[in-house]
Amino acid sequence: MYAKGATRVTENTTYNEQLEEKLEKIFAGGQPKYHEKMKEQNKLFVRDRLALLFDEGSYLEDGRFANCEANDLPADGVVTAMGKVNGQTVCVMANDSTVKAGSWGSRTVEKIIRIQEIAEKNRVPMLYLVDSAGARITDQLDMFPNRRGAGKIFHNQVRLSGFIPQICLLFGPSAAGGAYIPAFCDIVIMVEGNASMYLGSPRMAEKVIGEKVSLEEMGGARMHCSISGCGDVLVTSEEDAISEARRYLAYFPANFTEKPKVIETIASKEGRSLEAIIPENQNAPFDMYEAIDQLIDEGSFFDVKKLFAPEIITGLARIEGQPVGIIANQPKAKGGVLFVDSADKATKFINLCDAFSIPLLFLADVPGFMIGTKVERAGIIRHGAKLIMAMSSATVPKISVIVRKAYGAGLYAMAGPAFEPDVCIALPTAQIAVMGPEAAVNAVYSNKIEAIEDPKERIKFVQEKHHEYKEEINIYKLASEMIIDEIVKPSDLRSVLADRYRAYSTKDIPQPPRKHPVYPV
Amino acid sequence: MKQLQSTMAGTVFTVNVKEGEEVTVGQTVMVLESMKMEIPVEAEVAGKVATINSQVGDFVNEGDVLVTFE
C-alpha cells in the first residue's frame, strides 16, 4: 500500500537527478565500513529491520531529509515511520547505528518527538527500535536540556503510557539517558549478545567508582532479563526480536479506548490432565506451565519476564480465542513463594493488562509472601502492597482460581474474594487459610505440644489437631459460607473460564473521583 | 570456581549429590524446606561437585553458597 521512496518523474531531469542522488545517499545510511561492522555482529541495517517489521515491508517515512545538508548524517541517524503490523497501523522510530553510532543530534530528537506526536494523534501503538550510543555531545545544547530536547521524548512516553501500547526492541546499546526509552515502554525485547542498557558504561564505572566489570555483566541482555528485570523477552537474533514484537502486538488493541481482538478457538495442547499434574501433597512441587497448557489455546502463550522472578509466571494467552493475562504461582521455583521481585513482576504485568482491557486470570498455589530478615530489609511489605494495589485497582474482568493452596496475604495478592474478582473458583484440591496446617497447629499449640512428654502421645495430639484444622478449612465449608463462589472439576476449568470471560465482556467499573492513588512504591 | 547459591532462606531437607559427582544442568542438587514447601535447587551449570557446604538440617540464607563445582 505504501510506495518505497517513490519519486515523481517530470521532464526536468536535473531536479530529479539531484533528488535521486540525495535519496540514494539517505537510503545507504552510514559509511560502508560501519555496515561491515554490523554484519560481523549479526545486526541488520535499520531499513532491513523495518522491512521485516512492517506488513509487506512498506512504510511512510517522515523527516527523511533531516540534516541532509551535512552530507555524512543520513536521516540524522534515525528513521521515523508509519506502517502496518498484522494489519494494524503503528508508528516507529528506529536508530541507524551506521550513522555516528546512532547517536542523537537535535534533528534526531525532533524526529522522535514528532513520531510520538503522530502516534498520539492517531491513537496507534508506538515502537522504539533502539541501537544508539546516546547523546551527540557536540550538539548537546540543541538536544539535551531544551524544551524539545531528549527529556521531551521521555515526557511523551510517560504521557502515552497506558494510552497506546509502547514497545521497545533493543538491538544494540541504550546508554545513559537513552536507557530510559526501554524503561518507559510496556515491554522490552532484547537481543542476547548485542543489546545492552546502562546509565554508566564499564569504562565510566572504572574511572568514577573504580569498579572493573564487563559490558555483559554491567548491562547485558541476559543480565537485564534475568536479574534486574529491566528486560522482558530475551531473544537470540534480530529476526526473532521482530517476530516476537509482531506476536505481542496481536494481543493488544490500538489504544486504551478499544478492546483486544477475539480470534478463532484453537484446542488446548494434548497432555496430562490437570488431575494428574497437580499433586495431592500440598508441599510437593509441580510445573505450573504444564497446567497452563491445559487451559489455554495451544501455542498462544506469550511469556513476559520468563527468566526474571520465575516463582511467578506472567504471560499473555488466549482461552477459546479470547485474550487473557495470566498471573500464576510457580511451585517449581522457590515453592511459588512471593518475593520483592515477584511482586514487581506481577504489578507491572497487571497494570499492562488493565490499561489495555485484557482480562486477568489468577492461578493461585501460594504459601504466602517470603519471611525472614533478607526480605524484610528489602521492603517486602511495601512491594507486596504495590502488588495488592495493582491487582485491587484492576477493573478488567478478573477471575481468581485457587488451584491448590492460598495462604496468608498470598490469597490477597492472587485476587482473593475480598478484592472483587468477578468469580473466585476453587478446584477440589484448594486450601484457603491464614497458614498451612503444620504452621497453624504449631502457632496455636506449641506450648501444649512441648508439654506432652510421651512422644507417641505428642504425635497423636499433633495429628488430631492437623485433622481438626483441615476440617476447619475444608473447601466445601468455604463454599457453604459463600467465601468462594464455585468449585469446578479441573477437567472442566478451561470451558468454565471461557464461558465466564464471555459473560463478563461488558464489565465496566467507573473510576472513583480522585486524581490518582498514592502508590506504596 | 562455579558456585551454586541458595535462592531463598530455608533449611536443607535433602542433599542429592556427592562430592566428586558429575552433575548436569537442571539436575536437582539439594532440596530445601522453606515456607512449608519443598524447594528443589537445580544446577545452573554442569560440572563436578567440589564441595558440599551445607548438610541436612542446616539453615541457609538467601545467597549462601550450597555447593561448589570444580
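Which residue forms a salt bridge with Asp344(A)? In this predicted model, the partner is Lys386(A), with 2.4 Å between the closest N and O atoms; a salt bridge is taken as a side-chain nitrogen of Lys or Arg within 4 Å of a carboxyl oxygen of Asp or Glu. The two residues connect distant parts of the chain, as Lys386(A) sits in helix H16 (residues 380-393) and Asp344(A) in helix H14, 42 residues apart. Helices (H or I, at least four residues) and strands (E, at least two) are DSSP runs numbered from the N terminus. Lys386(A) counts as buried because its relative accessibility is 12%, whereas Asp344(A), at 32%, counts as partly exposed. Here buried means under 20% relative accessible area, exposed over 50% and partly exposed in between (1.4 Å probe, protein chains only).

Residues are numbered from 1 along each chain as its sequence is written, and chains are lettered from A and ligands numbered from 1 in the order in which they are written. Local features need pLDDT of at least 70, side-chain atom pairs count only at pLDDT 80 or more, and totals for chains, interfaces and linings use all residues, while side-chain values use heavy atoms, with hydrogens and water left out.

Turning to chain A as a whole, 21 helices and 16 strands are assigned. Its C-alpha trace spans about 105 × 55 × 45 Å along the principal axes. Of its 521 residues, 53% count as buried. Among contacts with a separation of 6 or more, 73% come from residues 24 or more positions apart, a contact being heavy atoms within 4.5 Å. Chain A exposes about 24,400 Å², of which carbon and sulfur atoms supply 53%; accessible areas come from the Shrake-Rupley method with a 1.4 Å probe, and for residues only the protein chains shown count as cover.

Salt bridges deserve a further look. Side chains of opposite charge can pair when their charged atoms come close. The structure holds 27 salt bridges over all chains. One of them joins Glu117(A) and Arg148(A) at 3.0 Å, N to O. Glu117(A) belongs to helix H4 (residues 106-122) and Arg148(A) to the loop between helix H5 (140-143) and helix H6 (150-160), 31 residues apart. Another brings together Glu120(A) and Arg159(A) at 2.4 Å, N to O. Because Glu120(A) lies in helix H4 and Arg159(A) in helix H6, this pair ties together parts that are 39 residues apart in sequence. Glu120(A) is partly exposed at 27% relative accessible area, and Arg159(A) is partly exposed at 46%.

The surface also carries patches, made of residues with over 30% relative accessible area and no salt bridge, in which like charges are joined within 9 Å and nonpolar side chains (Val, Leu, Ile, Met, Phe, Trp, Tyr) within 5 Å. Val158(A), Tyr180(A), Phe184(A) and Leu199(A) form a nonpolar patch with about 370 Å² of accessible area together. Leu199(A) lies in the loop between strand E7 (196-198) and helix H8 (202-208) and is exposed, with a relative accessible area of 55%. A negative patch consists of Glu17(A), Glu20(A), Glu21(A) and Glu24(A), with Asp and Glu counted as negative, Lys and Arg as positive, and His and the chain ends not counted.

Methods:
Charge placed at Lys NZ, Arg CZ, Asp CG, Glu CD.
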